[in-house]
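Keep the viewer open as you read.

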Amino acid sequence: MARFNGMTIKQALKSVPILKTPDLVELFGRSTRTLNRWQDPNEYENPMPRPFSECRGSGNNYDSGKLLQWYESWPIRKKETLDA
């Protein structure tokens, strides 16, 4: 599926207004499970934006502008845990 072949992640995020889950799997080289984990605000200080619409089977729809802003905040940072 090399839709973004030869592009940097930033270029790919700027190339289209809406991205689907399979696009993000290709861009970031991570599984859908990892993408879902990255969206957890309880786990990360700068979580990945959630999809604006969820579509079973064909992938969720993401705003590429919000993803670009998020990507520019990288690296993704886990929240510190407080040991009691």
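A polar contact is a pair of N or O atoms within 3.5 Å. The model is predicted.

Q: Which pattern does the protein follow along the sequence?
A: The protein has 4 helices and 2 strands. Read in sequence order, they give the pattern α-β-α-α-β-α.

Q: What percentage of the residues in the protein is buried?
A: A residue counts as buried when its relative accessible area is under 20%. The protein has 84 residues, and the buried share of them is 33%.

Q: Where do the buried residues of α2 lie on the helix?
A: In α2, the buried residues are Thr21, Asp23, Leu24, Leu27 and Phe28. Seen down the axis of α2, they fall within an arc of 155°, so they line one face of the helix. An α-helix has 3.6 residues a turn, so residues three or four places apart point the same way. The answer for α2, then, is one face of the helix.

Q: Which elements do the buried residues of α2 pack against?
A: Look for both helices and strands here. The partners of these buried residues are α1 (9–15), β1 (18–20), α3 (32–38), β2 (61–63) and α4 (64–71).

Q: Is Thr21 buried or exposed?
A: Thr21 lies in helix α2, which covers residues 21–28. Its relative accessibility is 12%. The cut-off for burial is under 20%. Therefore Thr21 counts as buried.

Q: Which residue has the backbone nitrogen that the side chain of Thr21 reaches?
A: Leave out residues up to four places away in sequence, and Thr21 touches Thr32, Leu35, Gly59, Asn60 and Tyr62. The side chain of Thr21 reaches a backbone nitrogen at 3.0 Å, and that nitrogen belongs to Asn60.

Q: What is the length of the polar contact that joins the side chains of Ser53 and Asn61?
A: Ser53 lies in the loop between α3 and β2, while Asn61 lies in strand β2. Leaving aside neighbours within four places in sequence, Ser53 is in contact with Asn60 and Asn61. The side chains of Ser53 and Asn61 are joined by a polar contact of 2.7 Å.

Q: Is Ser53 buried or partly exposed?
A: Ser53 has a relative accessibility of 24%. Buried needs a value under 20%, and exposed a value over 50%. Therefore Ser53 counts as partly exposed.

Q: How far apart in space are Ser53 and Asp63, C-alpha to C-alpha?
A: In sequence, Ser53 and Asp63 are 10 residues apart. In space, C-alpha to C-alpha, their separation is 9.6 Å.

Q: What arc do the buried residues of α4 fall within?
A: The buried residues of α4 are Ser64, Leu67, Leu68, Trp70 and Tyr71. They line one face of the helix, because seen down the axis of α4 they fall within an arc of 160°.

Technical notes: Residues numbered from 1 in each chain as written. Predicted model: local features only at pLDDT ≥ 70, side-chain atom pairs only at ≥ 80, totals over all residues. Heavy atoms only, no water. Buried < 20%, exposed > 50% of the residue type's maximum accessible area, 1.4 Å probe, protein only. Polar contact = N/O pair within 3.5 Å; in protein donor to acceptor, adjacent residues only side chain to side chain. Contact = heavy atoms within 4.5 Å. Arc of directions from axis to C-beta.
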